[in-house]
Amino acid sequence: MTSSSSPVSPITEDDIAHFLVNTPGFFERHAELLASVTITSPHGQRAVSLHERQAEMLREKIKGLEHRVMDMVRHGHENAAIADRIHQWSRQLLAERDAAALPQAVEQGMQALFDVPQVALRLWGMAPGHAGQPFAQGVSEDVRSFASSLTMPFCGPNLGFEATAWLAQAGQVQSLALLPLRRGAIDSAEQPAFGLLVLGSPDPHRFEATMGTEFLARMAELASAALSRLL
């Protein structure tokens, strides 16, 4: 009888990598290999030792971490500056004694403190003494329903929303933010909106769909709390 043996599969790079990972004592028994192994440096075509390549990788990792820390510090400073402006804006709204002047204070504060090029505000469901004011005019039922459907600020390109027409130079607006105003938290879907705050910019990247809206949500809640005096 004859016996046939199946061909032996060649060893692959994955097999070698798997062996080294699962055999931690290999380089302890063959320490001389660490000094003799050379690989190509990514910074040119010169050959470097394994130790030098590991040092380069560590330096690159440290550099990446330093950039991340710098970004975190920069974002921290930016967030602190925004928080300070929100605090100043809140003080202005609280100090306003004339309830009828609050809508203008909201708009002017947005433009002056947060450098928003165009701001418009409309309210509905006002008390009889305020129902005839300009800020309570020109709001369709569609806009009211749309505002009530928002549970967070909308940020994105100008898609021809009806509320964009409230802005003084609506044709220049490339991106906008729409902030629903309602009693309580902005994400409280049980409470219908009683207003809509429109922020417009000629910069298409000023208000993007991917941007965070936490600060805008807090600002909408502050404006809602102040303007609820008009209901």
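Which residues point one way from β5, and which the other way? In this predicted model, S175, A177, L179 and L181 point to one side of β5 while L176, L178 and P180 point to the other, and all of them are buried. The strand belongs to an open sheet of four strands, arranged in the order β3-β6-β5-β4 with antiparallel pairing.

**Sheet layout**
- The edges of the sheet are taken by β3 (118-123) and β4 (154-157), and because each has a single partner strand, one side of each is left without a neighbour in the sheet.
- Neighbouring strands of this sheet are turned against each other by 15 degrees on average, with direction ignored.

**Strand pairing**
- β3 is joined to β6 (residues 195-201) by six bridges, the two strands running antiparallel, and within this pairing V119 stands opposite L199 of β6.
- β5 and β6 also run antiparallel and are joined by seven bridges, with L179 standing opposite L197 in β6.
- β4 is linked to β5 through four bridges, again in an antiparallel arrangement, and G156 has L176 of β5 as its bridge partner.

- β5 is mostly covered, since seven of its seven residues are buried, which here means under 20% relative accessible area.
- L179, which stands opposite L197, and L176, the bridge partner of G156, point opposite ways from β5, and both are buried.

Technical notes
Residues are numbered from 1 along each chain as its sequence is written. This is a predicted model: local features need pLDDT of at least 70, side-chain atom pairs count only at pLDDT 80 or more; totals for chains, interfaces and linings use all residues. Side-chain values use heavy atoms; hydrogens and water are left out. Two strands pair if DSSP finds at least two bridges between them. Axes are lines fitted to C-alpha atoms, for helices over the stretch in contact, and angles run from 0 to 180 degrees between N-to-C directions. Buried means under 20% relative accessible area, exposed over 50%, partly exposed in between (1.4 Å probe, protein chains only).
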